[in-house]
Structures are given as C-alpha cells and as structure tokens.
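User: Could you walk me through how to read a few features of this structure?

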Amino acid sequence: MSSSPISARVVLLAGPSGSGKSSLAARAGLPVLRLDDFYKEAGDPTLPQLTGAGDTDWDSPLSWDADVAVAAIERLCRTGRTTVPVYDISTSSRVDEEALDIERTPLFIAEGIFAADIVSRCRELGLLADALCLRGRPSTTFRRRLARDLREGRKSVPVLLRRGWRLMRLERGIVARQVALGAHPCGKDEALGRLAAAAAGRCPGAVPRATRPESATAEHAA
C-alpha cells in the first residue's frame, strides 16, 4: 500500500444479520462501503462448512475475504477511491466490479456482519474513527432479516428459515463476540449520535481498548 497520508477515516458498522446496518448507514448520509460484497465465491475450497449439514457456513468470517476488504478500506482512507466487487448473494458469486469514490469526504462507513473482525487491523493502520455493533431484540431481527431475504430472493425459503432460526438462537452470542472484538454495542439512536461525533472529529473508537475479555471466543457465527 502507498505511504500517502490518511485523508479519511472509517466507521465500522457491525451487528447481526438483519439488525438494520444498511438502513442506518443510508440515514447517516455518508459514503458507504458494503462489506458483504467481499464474500468468497461458491466453490472456493477455503469456504467453511456447517457441521453435519453439508452446507456452506456463510455466517462464518472464514466465508469472507478480510484481507481484500481491509485493503479497499485503506485505499479509500488514503486516496478517496477504490474498486470493489459486486456480489450476488443468490448465486454466491462476484458478478461485476465498480468504482467507489468518496471524493473529499473525511469519514465513511464500512458496514457488514463481519465488520467487527477487522476492528483491530483498521485501528493498527490508523484508519479507525469508531466501531459500532447494532443490537436489538432477536425476534425483531429474525422478522426483519427474513422479510429482506425473501424480498431480495437471496436463497430458497427452506434455507432462509433454517438460517434464520439458527441465527436467532445465536444472536446474543454474536453480539457478545463482536463487542469483544472492539465494536461498541448500541441502538440506532446512539449509533447516529456517535456517527455525528466522528464526523465532527471526535473519534471515540480510535482509542485502543485496555484489554479484551479473557472469555471472548473466536466463534464463527458473525
């Protein structure tokens, strides 16, 4: 990566699938990098499998290319532009690529279910303004996620129902894991307030945390 100075910083917006990350990012009025576009493609031999099911575990961070995502964030922070893949979840494939230009904006959002997994890397690179984890009621998240996935035709109905029930049971652990990775747990109103603070140059997430909880696990349900 070029040694050009950092001209922008990123707010990493994490949270369980269906927690409202995309809608909140749109409300914030800042440029948005969709981290879900950095999923690996079907057929990749490194994709993780669900135990006993024979299906790909798309909720594991191992199904996602963190290195490419961090490189794209760093390019945006240093140059204001990058090229990102366009991912089709229904076919589990990258169907195109597009240019993302944040122009002279000093702050942008990178949102996705694996955003917390790159908090420490972005902080070490000096790119991080804040890291947030949206949280809510698991039952509400379940309904919102299912409605979205059905509307967008992301997968077959049986697959969506199985995944939805599994994620609802795991949701509290998912939030706990993302918080242990450095994301601040909050609702939408607090998240918007912290985004406004970051845009004003007050970056609470840029200060390293003292220590992580010893009980934090590397559970692969993001």
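**Salt bridges and burial**

Analyst: At 49% relative accessibility, R81 counts as partly exposed; buried means under 20% relative accessible area, exposed over 50%, and partly exposed in between (1.4 Å probe, protein chains only). This is a predicted model, where local features need pLDDT of at least 70, side-chain atom pairs count only at pLDDT 80 or more, and totals for chains, interfaces and linings use all residues. Residues are numbered from 1 along each chain as its sequence is written, and side-chain values use heavy atoms, leaving out hydrogens and water.

User: Which residue forms a salt bridge with R81?

Analyst: Side chains of opposite charge can pair when their charged atoms come close. The cut-off here is a side-chain nitrogen of Lys or Arg within 4 Å of a carboxyl oxygen of Asp or Glu. The partner of R81 is D101, with the closest N and O atoms 3.8 Å apart. This pair links distant parts of the chain, as D101 in strand β4 and R81 in strand β3 are 20 residues apart. D101 is partly exposed as well, at 43% relative accessible area.

User: How do those two strands pair?

Analyst: Strands are DSSP runs of E, at least two residues long, while helices are runs of H or I with at least four, numbered from the N terminus. Two strands pair if DSSP finds at least two bridges between them. Here β3 (residues 81-88) and β4 (residues 93-101) are antiparallel, with eight bridges.

User: Where do R78 and E74 lie?

Analyst: An α-helix has 3.6 residues a turn, so residues three or four places apart point the same way. R78 and E74 are both in helix α2, four residues apart, about one turn. Their salt bridge has its closest N and O atoms 3.0 Å apart. R78 is buried at 18% relative accessible area, and E74 is buried at 11%.

User: What about α4: which of its residues are buried?

Analyst: The buried residues of α4 (residues 138-152) are P138, T141, F142, R145, L146, R148 and D149. Seen down the axis, they fall within an arc of 165°, so they line one face of the helix; the arc is that of the directions from the helix axis to the C-beta atoms. R143 and R151, on the other side of α4, are exposed. L150, also in α4, is partly exposed at 43%.
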